[in-house]
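Here are a few exercises to work through with the structure open beside you. Try each task before you read its solution.

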Amino acid sequence: MKKRTIMIIFFVFCCSAALAFFILGAKLKAAPVPTKSETKVFHLYAADMEQEVSQGTTLYSWGFGLWDPKKNAPASPPSVPGPELRVKEGDHVKVVFHNQQQEMHTIHFHGIDNSFAGDGTPDMSQHPTMKGETFTYEFDAKHAGTYYYHCHVEPDRHPEMGLYGAFIVEPKQPKYKTDGEFTLLLAERDPLLSLSEGTEANQYVGTAAEHLHLEGDYDTTERKAKYYTINGKVDPEIPAIHVKEGGTYLIRLINAGSEVHTFHTHGHHFQVVASDGRDISHPMTKDSITIGPGEKYDLLLKADNPGIWPIHCHMGPHDTHGMHMMMVYDDYHDKMNHGNMNLVSDVRHHFALLKEYQFDKKYDAMKPEMKDIVQGIQDFYSISSDAHFEEWTALDNAAATVSKQLNSSPNPETLKNSINDLEQKINTMDQALQAGDPS
(Lines give C-alpha, C1' and ligand atoms only; values in the text may rest on other atoms or scores of the structure.)
Protein backbone atom coordinates (compact mmCIF):
# COMPACT_ATOMS: atom_id res chain seq x y z
CA MET A 1 0.00 0.00 0.00
CA LYS A 2 2.80 2.36 0.92
CA LYS A 3 4.64 1.48 -2.27
CA ARG A 4 1.52 2.14 -4.33
CA THR A 5 1.02 5.54 -2.68
CA ILE A 6 4.59 6.51 -3.50
CA MET A 7 4.09 5.48 -7.13
CA ILE A 8 0.89 7.58 -7.38
CA ILE A 9 2.65 10.62 -5.89
CA PHE A 10 5.57 10.15 -8.27
CA PHE A 11 3.21 9.87 -11.24
CA VAL A 12 1.33 13.06 -10.24
CA PHE A 13 4.65 14.88 -9.80
CA CYS A 14 5.84 13.82 -13.26
CA CYS A 15 2.56 14.88 -14.87
CA SER A 16 2.68 18.24 -13.08
CA ALA A 17 6.28 18.78 -14.11
CA ALA A 18 5.48 17.91 -17.71
CA LEU A 19 2.50 20.25 -17.73
CA ALA A 20 4.54 23.08 -16.19
CA PHE A 21 7.33 22.51 -18.70
CA PHE A 22 4.79 22.56 -21.56
CA ILE A 23 3.17 25.80 -20.35
CA LEU A 24 6.55 27.47 -19.77
CA GLY A 25 7.75 26.39 -23.19
CA ALA A 26 4.62 27.79 -24.82
CA LYS A 27 5.10 31.10 -23.03
CA LEU A 28 8.73 31.27 -24.04
CA LYS A 29 7.78 30.49 -27.61
CA ALA A 30 5.04 33.15 -27.64
CA ALA A 31 7.15 35.83 -25.93
CA PRO A 32 8.39 38.43 -28.44
CA VAL A 33 12.08 38.45 -29.06
CA PRO A 34 13.47 41.85 -28.09
CA THR A 35 14.41 43.78 -31.21
CA LYS A 36 17.89 45.18 -31.32
CA SER A 37 17.92 48.94 -31.87
CA GLU A 38 19.24 50.03 -35.24
CA THR A 39 22.30 52.25 -35.54
CA LYS A 40 21.83 55.18 -37.90
CA VAL A 41 25.08 56.70 -39.15
CA PHE A 42 25.36 60.14 -40.74
CA HIS A 43 28.43 61.94 -42.01
CA LEU A 44 28.15 65.75 -42.02
CA TYR A 45 30.62 68.39 -43.11
CA ALA A 46 30.73 72.19 -42.92
CA ALA A 47 32.00 74.35 -45.79
CA ASP A 48 31.80 77.79 -47.41
CA MET A 49 28.88 78.48 -49.73
CA GLU A 50 26.75 81.25 -51.22
CA GLN A 51 23.22 81.22 -49.82
CA GLU A 52 20.78 82.50 -52.45
CA VAL A 53 17.90 83.82 -50.34
CA SER A 54 16.15 84.92 -53.55
CA GLN A 55 17.03 84.93 -57.25
CA GLY A 56 20.33 86.79 -57.57
CA THR A 57 20.44 87.80 -53.89
CA THR A 58 23.34 85.90 -52.35
CA LEU A 59 25.20 85.97 -49.05
CA TYR A 60 28.52 84.43 -48.10
CA SER A 61 27.51 81.61 -45.74
CA TRP A 62 28.57 78.41 -44.04
CA GLY A 63 26.47 75.32 -44.64
CA PHE A 64 26.26 71.68 -43.63
CA GLY A 65 26.26 68.94 -46.27
CA LEU A 66 26.46 65.14 -46.39
CA TRP A 67 29.93 63.60 -46.57
CA ASP A 68 30.94 60.38 -48.39
CA PRO A 69 33.42 58.59 -46.09
CA LYS A 70 34.42 56.07 -48.77
CA LYS A 71 35.39 58.75 -51.28
CA ASN A 72 36.44 61.14 -48.52
CA ALA A 73 34.58 63.86 -50.39
CA PRO A 74 31.24 65.70 -50.27
CA ALA A 75 28.20 63.57 -51.07
CA SER A 76 26.00 66.67 -51.40
CA PRO A 77 26.73 70.39 -51.63
CA PRO A 78 26.45 72.44 -48.43
CA SER A 79 23.06 74.07 -47.93
CA VAL A 80 21.15 76.42 -45.63
CA PRO A 81 19.48 74.85 -43.74
CA GLY A 82 21.61 71.71 -43.64
CA PRO A 83 20.29 68.24 -44.56
CA GLU A 84 17.28 67.03 -42.56
CA LEU A 85 18.34 64.02 -40.50
CA ARG A 86 15.62 61.45 -39.67
CA VAL A 87 15.79 58.47 -37.34
CA LYS A 88 13.32 56.21 -35.55
CA GLU A 89 12.53 56.33 -31.85
CA GLY A 90 14.95 53.99 -30.08
CA ASP A 91 17.64 54.14 -32.77
CA HIS A 92 21.25 54.52 -31.78
CA VAL A 93 22.58 57.54 -33.67
CA LYS A 94 26.13 58.18 -34.79
CA VAL A 95 27.01 61.48 -36.49
CA VAL A 96 30.56 61.95 -37.77
CA PHE A 97 31.40 65.61 -38.34
CA HIS A 98 34.07 66.50 -40.92
CA ASN A 99 35.08 70.16 -40.74
CA GLN A 100 36.02 71.50 -44.19
CA GLN A 101 35.64 75.17 -43.23
CA GLN A 102 38.41 77.44 -41.95
CA GLU A 103 36.61 78.25 -38.68
CA MET A 104 36.43 75.79 -35.80
CA HIS A 105 32.99 74.27 -35.21
CA THR A 106 30.99 71.84 -33.07
CA ILE A 107 27.49 70.34 -33.41
CA HIS A 108 24.88 70.62 -30.67
CA PHE A 109 21.77 68.45 -31.05
CA HIS A 110 19.23 70.86 -29.61
CA GLY A 111 16.63 69.15 -27.42
CA ILE A 112 18.22 65.71 -27.55
CA ASP A 113 19.05 64.28 -24.11
CA ASN A 114 22.64 63.66 -25.11
CA SER A 115 25.60 62.61 -23.01
CA PHE A 116 28.00 65.24 -21.70
CA ALA A 117 30.64 64.04 -24.18
CA GLY A 118 28.23 64.57 -27.08
CA ASP A 119 26.77 67.92 -26.03
CA GLY A 120 28.87 69.97 -28.46
CA THR A 121 29.74 72.74 -26.00
CA PRO A 122 33.17 74.05 -27.06
CA ASP A 123 36.02 73.80 -24.53
CA MET A 124 33.76 72.07 -22.02
CA SER A 125 32.44 68.80 -23.41
CA GLN A 126 34.86 68.85 -26.36
CA HIS A 127 37.55 70.82 -28.07
CA PRO A 128 36.20 72.59 -31.16
CA THR A 129 36.77 70.68 -34.38
CA MET A 130 39.39 72.40 -36.53
CA LYS A 131 39.57 72.38 -40.33
CA GLY A 132 40.46 68.91 -41.61
CA GLU A 133 39.54 67.22 -38.31
CA THR A 134 36.60 64.98 -37.42
CA PHE A 135 34.52 64.44 -34.31
CA THR A 136 31.96 61.69 -33.65
CA TYR A 137 28.71 62.22 -31.73
CA GLU A 138 26.76 59.19 -30.43
CA PHE A 139 23.46 59.05 -28.60
CA ASP A 140 20.19 57.13 -28.32
CA ALA A 141 17.08 58.73 -29.84
CA LYS A 142 14.88 58.00 -26.83
CA HIS A 143 12.01 60.42 -27.44
CA ALA A 144 10.13 60.90 -30.71
CA GLY A 145 9.79 64.54 -31.67
CA THR A 146 11.03 67.60 -33.56
CA TYR A 147 14.58 68.76 -32.83
CA TYR A 148 17.39 70.49 -34.67
CA TYR A 149 21.18 70.70 -34.76
CA HIS A 150 23.47 73.71 -34.97
CA CYS A 151 27.03 74.82 -34.39
CA HIS A 152 27.61 75.95 -30.80
CA VAL A 153 30.82 77.93 -31.39
CA GLU A 154 30.10 81.67 -31.17
CA PRO A 155 26.32 81.13 -31.22
CA ASP A 156 25.78 84.80 -32.09
CA ARG A 157 27.56 84.21 -35.42
CA HIS A 158 27.87 80.60 -36.57
CA PRO A 159 24.20 79.55 -36.66
CA GLU A 160 23.20 82.77 -38.46
CA MET A 161 25.91 82.09 -41.02
CA GLY A 162 23.88 78.97 -41.88
CA LEU A 163 25.09 76.14 -39.67
CA TYR A 164 21.77 74.59 -38.62
CA GLY A 165 19.39 71.85 -39.76
CA ALA A 166 16.38 69.78 -38.67
CA PHE A 167 16.72 66.55 -36.68
CA ILE A 168 13.54 64.46 -36.62
CA VAL A 169 12.90 61.42 -34.41
CA GLU A 170 9.92 59.53 -35.83
CA PRO A 171 7.75 57.54 -33.38
CA LYS A 172 7.80 53.73 -33.47
CA GLN A 173 4.07 53.84 -34.15
CA PRO A 174 2.43 56.87 -35.81
CA LYS A 175 0.80 59.18 -33.25
CA TYR A 176 -1.51 60.82 -35.76
CA LYS A 177 -3.10 59.81 -39.02
CA THR A 178 -1.79 62.43 -41.44
CA ASP A 179 -1.68 63.03 -45.17
CA GLY A 180 1.74 64.64 -45.08
CA GLU A 181 4.08 66.78 -43.04
CA PHE A 182 6.18 69.91 -43.50
CA THR A 183 9.30 71.07 -41.65
CA LEU A 184 9.73 74.85 -41.42
CA LEU A 185 12.92 76.36 -40.01
CA LEU A 186 12.75 80.08 -39.23
CA ALA A 187 15.89 82.21 -39.22
CA GLU A 188 17.31 85.67 -40.03
CA ARG A 189 20.25 87.12 -41.97
CA ASP A 190 22.16 90.37 -41.59
CA PRO A 191 24.24 91.07 -44.74
CA LEU A 192 26.82 92.91 -42.62
CA LEU A 193 27.72 89.61 -40.93
CA SER A 194 28.44 88.08 -44.34
CA LEU A 195 30.49 91.16 -45.20
CA SER A 196 32.51 90.81 -42.00
CA GLU A 197 33.12 87.07 -42.20
CA GLY A 198 33.66 87.01 -45.96
CA THR A 199 36.14 89.88 -45.92
CA GLU A 200 38.12 88.22 -43.11
CA ALA A 201 38.18 84.93 -45.01
CA ASN A 202 38.97 86.64 -48.36
CA GLN A 203 35.81 85.15 -49.87
CA TYR A 204 33.17 86.73 -52.10
CA VAL A 205 30.68 88.30 -49.67
CA GLY A 206 27.66 87.93 -51.98
CA THR A 207 25.59 90.31 -54.09
CA ALA A 208 23.56 91.41 -51.03
CA ALA A 209 26.68 92.49 -49.14
CA GLU A 210 29.28 93.60 -51.69
CA HIS A 211 28.08 97.22 -51.86
CA LEU A 212 27.83 97.62 -48.07
CA HIS A 213 30.40 99.20 -45.79
CA LEU A 214 31.26 98.23 -42.23
CA GLU A 215 32.57 100.81 -39.77
CA GLY A 216 34.97 98.97 -37.48
CA ASP A 217 34.33 95.42 -36.30
CA TYR A 218 30.94 93.78 -36.64
CA ASP A 219 29.07 93.96 -33.31
CA THR A 220 26.39 91.29 -32.92
CA THR A 221 24.64 93.38 -30.25
CA GLU A 222 23.90 95.94 -32.98
CA ARG A 223 22.75 93.29 -35.43
CA LYS A 224 19.90 94.27 -37.73
CA ALA A 225 18.46 91.48 -39.84
CA LYS A 226 17.42 92.37 -43.36
CA TYR A 227 16.24 88.95 -44.54
CA TYR A 228 13.78 86.80 -42.58
CA THR A 229 13.87 83.28 -43.99
CA ILE A 230 11.84 80.08 -43.97
CA ASN A 231 14.02 77.12 -44.93
CA GLY A 232 16.72 79.51 -46.11
CA LYS A 233 14.53 81.45 -48.57
CA VAL A 234 12.48 84.65 -48.53
CA ASP A 235 9.12 85.49 -50.08
CA PRO A 236 8.18 84.92 -52.89
CA GLU A 237 10.66 82.07 -53.35
CA ILE A 238 9.62 79.93 -50.39
CA PRO A 239 7.88 76.86 -51.88
CA ALA A 240 4.17 76.74 -51.10
CA ILE A 241 2.62 74.08 -48.86
CA HIS A 242 0.34 71.99 -51.09
CA VAL A 243 -2.66 70.33 -49.41
CA LYS A 244 -5.85 68.55 -50.36
CA GLU A 245 -9.28 69.30 -48.92
CA GLY A 246 -10.03 67.14 -45.89
CA GLY A 247 -6.40 66.23 -45.34
CA THR A 248 -4.59 66.46 -42.01
CA TYR A 249 -1.00 67.74 -41.96
CA LEU A 250 1.77 67.86 -39.39
CA ILE A 251 3.81 71.09 -39.40
CA ARG A 252 7.14 70.85 -37.60
CA LEU A 253 7.99 74.43 -36.66
CA ILE A 254 11.57 75.24 -35.57
CA ASN A 255 13.00 78.64 -34.64
CA ALA A 256 16.68 78.31 -35.56
CA GLY A 257 17.23 82.07 -35.42
CA SER A 258 17.86 84.70 -32.76
CA GLU A 259 14.56 86.60 -32.83
CA VAL A 260 11.03 85.90 -31.64
CA HIS A 261 8.44 85.16 -34.34
CA THR A 262 4.67 84.69 -34.38
CA PHE A 263 3.57 81.98 -36.81
CA HIS A 264 0.08 82.64 -38.20
CA THR A 265 -2.13 80.66 -40.62
CA HIS A 266 -4.87 82.50 -42.54
CA GLY A 267 -8.27 80.80 -42.71
CA HIS A 268 -7.28 77.90 -40.47
CA HIS A 269 -6.70 76.88 -36.88
CA PHE A 270 -4.23 74.22 -35.79
CA GLN A 271 -3.68 72.09 -32.72
CA VAL A 272 -0.41 72.48 -30.82
CA VAL A 273 0.28 68.81 -30.05
CA ALA A 274 3.94 68.90 -28.96
CA SER A 275 6.49 71.37 -27.62
CA ASP A 276 10.27 70.86 -27.71
CA GLY A 277 9.96 67.17 -28.48
CA ARG A 278 7.39 66.35 -25.80
CA ASP A 279 3.67 65.69 -26.32
CA ILE A 280 1.14 68.12 -24.87
CA SER A 281 -1.50 66.22 -22.92
CA HIS A 282 -4.19 68.80 -23.65
CA PRO A 283 -3.49 70.24 -27.15
CA MET A 284 -4.30 73.90 -27.67
CA THR A 285 -6.25 75.10 -30.69
CA LYS A 286 -4.79 78.32 -32.12
CA ASP A 287 -4.31 80.31 -35.33
CA SER A 288 -1.11 82.03 -34.13
CA ILE A 289 1.75 80.85 -31.96
CA THR A 290 4.75 82.81 -30.73
CA ILE A 291 7.99 80.87 -30.93
CA GLY A 292 11.21 81.97 -29.26
CA PRO A 293 14.78 81.21 -30.36
CA GLY A 294 15.51 77.50 -30.06
CA GLU A 295 11.88 76.47 -29.54
CA LYS A 296 10.11 73.76 -31.54
CA TYR A 297 6.40 73.05 -31.95
CA ASP A 298 4.44 70.28 -33.64
CA LEU A 299 1.23 71.64 -35.18
CA LEU A 300 -1.63 69.51 -36.51
CA LEU A 301 -3.61 71.34 -39.21
CA LYS A 302 -6.88 70.21 -40.82
CA ALA A 303 -7.23 71.41 -44.42
CA ASP A 304 -10.93 72.28 -44.23
CA ASN A 305 -11.14 75.64 -46.01
CA PRO A 306 -10.21 75.45 -49.72
CA GLY A 307 -8.34 78.36 -51.27
CA ILE A 308 -4.94 80.01 -51.42
CA TRP A 309 -3.93 81.09 -47.93
CA PRO A 310 -0.97 83.08 -46.56
CA ILE A 311 1.20 81.64 -43.79
CA HIS A 312 3.58 84.16 -42.26
CA CYS A 313 5.19 85.76 -39.24
CA HIS A 314 2.72 88.28 -37.85
CA MET A 315 5.49 90.69 -36.86
CA GLY A 316 5.17 93.22 -39.69
CA PRO A 317 8.84 93.78 -40.62
CA HIS A 318 9.52 90.04 -40.52
CA ASP A 319 6.62 89.36 -42.88
CA THR A 320 7.51 92.23 -45.23
CA HIS A 321 11.16 91.22 -45.41
CA GLY A 322 10.68 87.59 -46.33
CA MET A 323 8.92 85.42 -43.72
CA HIS A 324 5.80 84.85 -45.80
CA MET A 325 4.63 81.80 -47.76
CA MET A 326 1.42 80.25 -49.10
CA MET A 327 -0.77 77.19 -48.50
CA VAL A 328 -2.45 76.06 -51.71
CA TYR A 329 -5.27 73.53 -52.11
CA ASP A 330 -5.13 71.09 -55.04
CA ASP A 331 -8.01 72.69 -56.97
CA TYR A 332 -6.43 76.15 -56.76
CA HIS A 333 -3.06 75.54 -58.40
CA ASP A 334 -4.15 77.24 -61.63
CA LYS A 335 -5.13 80.36 -59.67
CA MET A 336 -1.77 80.58 -57.94
CA ASN A 337 0.26 83.56 -59.15
CA HIS A 338 2.09 84.39 -55.92
CA GLY A 339 5.75 83.56 -56.25
CA ASN A 340 6.13 84.19 -59.96
CA MET A 341 9.51 85.77 -60.65
CA ASN A 342 9.79 89.06 -62.47
CA LEU A 343 11.33 89.04 -65.93
CA VAL A 344 14.89 89.72 -64.78
CA SER A 345 15.03 87.19 -61.92
CA ASP A 346 16.70 84.41 -63.91
CA VAL A 347 19.23 86.88 -65.31
CA ARG A 348 20.02 88.01 -61.77
CA HIS A 349 20.55 84.39 -60.68
CA HIS A 350 23.20 83.81 -63.35
CA PHE A 351 24.70 87.24 -62.74
CA ALA A 352 25.21 86.37 -59.05
CA LEU A 353 27.19 83.28 -60.10
CA LEU A 354 29.11 85.44 -62.58
CA LYS A 355 30.19 87.78 -59.76
CA GLU A 356 31.26 84.87 -57.56
CA TYR A 357 33.39 83.36 -60.33
CA GLN A 358 34.81 86.80 -61.15
CA PHE A 359 36.01 87.18 -57.54
CA ASP A 360 37.72 83.78 -57.74
CA LYS A 361 39.10 84.60 -61.25
CA LYS A 362 37.41 81.48 -62.66
CA TYR A 363 37.01 82.95 -66.14
CA ASP A 364 36.10 79.67 -67.85
CA ALA A 365 33.25 79.14 -65.36
CA MET A 366 31.99 82.64 -66.18
CA LYS A 367 31.42 81.85 -69.87
CA PRO A 368 28.37 79.54 -69.54
CA GLU A 369 26.82 81.99 -67.08
CA MET A 370 27.21 84.78 -69.64
CA LYS A 371 25.51 82.61 -72.26
CA ASP A 372 22.53 82.15 -69.93
CA ILE A 373 22.46 85.89 -69.22
CA VAL A 374 22.46 86.73 -72.94
CA GLN A 375 19.68 84.20 -73.54
CA GLY A 376 17.66 85.68 -70.70
CA ILE A 377 18.05 89.17 -72.13
CA GLN A 378 16.75 87.90 -75.47
CA ASP A 379 13.79 86.16 -73.79
CA PHE A 380 12.49 89.12 -71.84
CA TYR A 381 12.98 91.50 -74.79
CA SER A 382 10.53 89.41 -76.80
CA ILE A 383 7.74 90.13 -74.29
CA SER A 384 8.61 93.71 -73.33
CA SER A 385 7.05 96.80 -74.88
CA ASP A 386 8.72 99.05 -77.46
CA ALA A 387 8.96 101.71 -74.75
CA HIS A 388 11.84 99.72 -73.22
CA PHE A 389 13.83 99.34 -76.43
CA GLU A 390 16.46 101.87 -75.36
CA GLU A 391 17.09 100.17 -72.00
CA TRP A 392 17.16 96.75 -73.66
CA THR A 393 19.68 97.89 -76.32
CA ALA A 394 22.01 99.31 -73.66
CA LEU A 395 21.75 96.07 -71.67
CA ASP A 396 22.37 93.92 -74.74
CA ASN A 397 25.47 95.95 -75.64
CA ALA A 398 26.81 95.70 -72.08
CA ALA A 399 26.36 91.92 -72.13
CA ALA A 400 28.09 91.69 -75.53
CA THR A 401 31.07 93.63 -74.15
CA VAL A 402 31.50 91.22 -71.22
CA SER A 403 31.14 88.17 -73.50
CA LYS A 404 33.78 89.53 -75.88
CA GLN A 405 36.25 90.10 -73.05
CA LEU A 406 35.69 86.62 -71.63
CA ASN A 407 36.36 85.05 -75.04
CA SER A 408 39.77 86.72 -75.22
CA SER A 409 42.38 87.17 -72.53
CA PRO A 410 40.47 89.23 -69.98
CA ASN A 411 42.12 92.06 -68.10
CA PRO A 412 40.79 91.74 -64.52
CA GLU A 413 40.29 95.50 -63.97
CA THR A 414 38.69 96.11 -67.37
CA LEU A 415 36.45 93.07 -66.93
CA LYS A 416 35.43 94.28 -63.47
CA ASN A 417 34.39 97.67 -64.88
CA SER A 418 32.42 96.02 -67.69
CA ILE A 419 30.60 93.72 -65.25
CA ASN A 420 29.75 96.68 -63.00
CA ASP A 421 28.33 98.43 -66.07
CA LEU A 422 26.30 95.31 -66.91
CA GLU A 423 24.93 95.24 -63.36
CA GLN A 424 23.84 98.86 -63.65
CA LYS A 425 22.09 98.14 -66.96
CA ILE A 426 20.30 95.13 -65.42
CA ASN A 427 19.04 97.32 -62.58
CA THR A 428 17.87 100.00 -65.03
CA MET A 429 16.05 97.46 -67.17
CA ASP A 430 14.44 95.89 -64.11
CA GLN A 431 13.13 99.27 -62.91
CA ALA A 432 11.81 100.09 -66.38
CA LEU A 433 9.98 96.76 -66.68
CA GLN A 434 8.41 97.08 -63.24
CA ALA A 435 7.29 100.65 -63.95
CA GLY A 436 6.04 99.99 -67.45
CA ASP A 437 3.43 97.67 -68.93
CA PRO A 438 4.89 94.59 -70.60
CA SER A 439 3.01 93.70 -73.74
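This is a predicted model: local features need pLDDT of at least 70, side-chain atom pairs count only at pLDDT 80 or more; totals for chains, interfaces and linings use all residues.

**Exercise 1. Which order do the strands take in the open sheet of 6 strands, and which strands are its edges?**

Step 1. Going across the open sheet of 6 strands, the order reads 11-10-13-18-15-16, and the pairing is mixed.

Step 2. Strand 11 (227–230) and strand 16 (278–286) each pair on one side only, which makes them the edge strands.

Step 3. From one strand to the next, the twist averages 25°.

Step 4. Now look at one pair inside this order: strand 15 (residues 270–275) and strand 18 (residues 296–302) run in the antiparallel sense and share 5 bridges. Here Val272 stands opposite Leu299 in strand 18.

**Exercise 2. Are helix 4 and helix 5 roughly parallel or roughly antiparallel? Then treat helix 5 and helix 7 the same way.**

Solution. Two packed helices are described by the angle between their axes and the distance between the axes.

Step 1. The axes of helix 4 (residues 345–359) and helix 5 come within 9 Å and cross at roughly 155°. Angles over 145 degrees count as roughly antiparallel, and helix 4 and helix 5 are therefore roughly antiparallel to each other. Their crossing is left-handed.

Step 2. On the helix 4 side, the contact includes Phe351, Leu354 and Tyr357, and on the helix 5 side it includes Met366, Met370 and Phe380. By class, this contact has 11 nonpolar, 3 polar and 2 charged residues.

Step 3. For helix 5 (residues 363–381) and helix 7 (residues 412–435), the axes come within 13 Å and cross at roughly 25°. An angle under 35 degrees counts as roughly parallel, so helix 5 and helix 7 are roughly parallel to each other. This crossing is left-handed.

Step 4. Helix 5 contributes Tyr363, Met366, Met370 and Phe380 to the contact, while helix 7 contributes residues including Leu415, Ile419 and Leu422. The classes here are 10 nonpolar, no polar and no charged residues.

**Exercise 3. Where do Pro81, Pro236 and Asn72 lie?**

Solution. Keep one background point in mind: most residues other than glycine have a negative phi, and most peptide bonds are trans.

Step 1. The Val80 to Pro81 peptide bond is cis, with omega near -5°. Pro81 sits in the loop between strand 3 and strand 4 (85–88).

Step 2. The bond from Asp235 to Pro236 is cis too, with omega near 10°. Pro236 lies in the loop between strand 11 and strand 12 (241–243).

Step 3. Asn72 is not a glycine, yet has a positive phi of about 50°. Asn72 is located in the loop between strand 2 (57–68) and strand 3.

Methods: Residues are numbered from 1 along each chain as its sequence is written. Side-chain values use heavy atoms; hydrogens and water are left out. Axes are lines fitted to C-alpha atoms, for helices over the stretch in contact, and angles run from 0 to 180 degrees between N-to-C directions. Helices (H or I, at least four residues) and strands (E, at least two) are DSSP runs, numbered from the N terminus. Angles under 35 degrees count as roughly parallel, over 145 as roughly antiparallel, 65 to 115 as roughly perpendicular and the rest as oblique. A crossing is left-handed if the near helix is turned anticlockwise from the far one by less than a right angle, and right-handed if clockwise. Contact means heavy atoms within 4.5 Å. Ala, Val, Leu, Ile, Met, Phe, Trp, Tyr, Cys and Pro count as nonpolar, Asp, Glu, Lys and Arg as charged, and the others, Gly among them, as polar. Two strands pair if DSSP finds at least two bridges between them.
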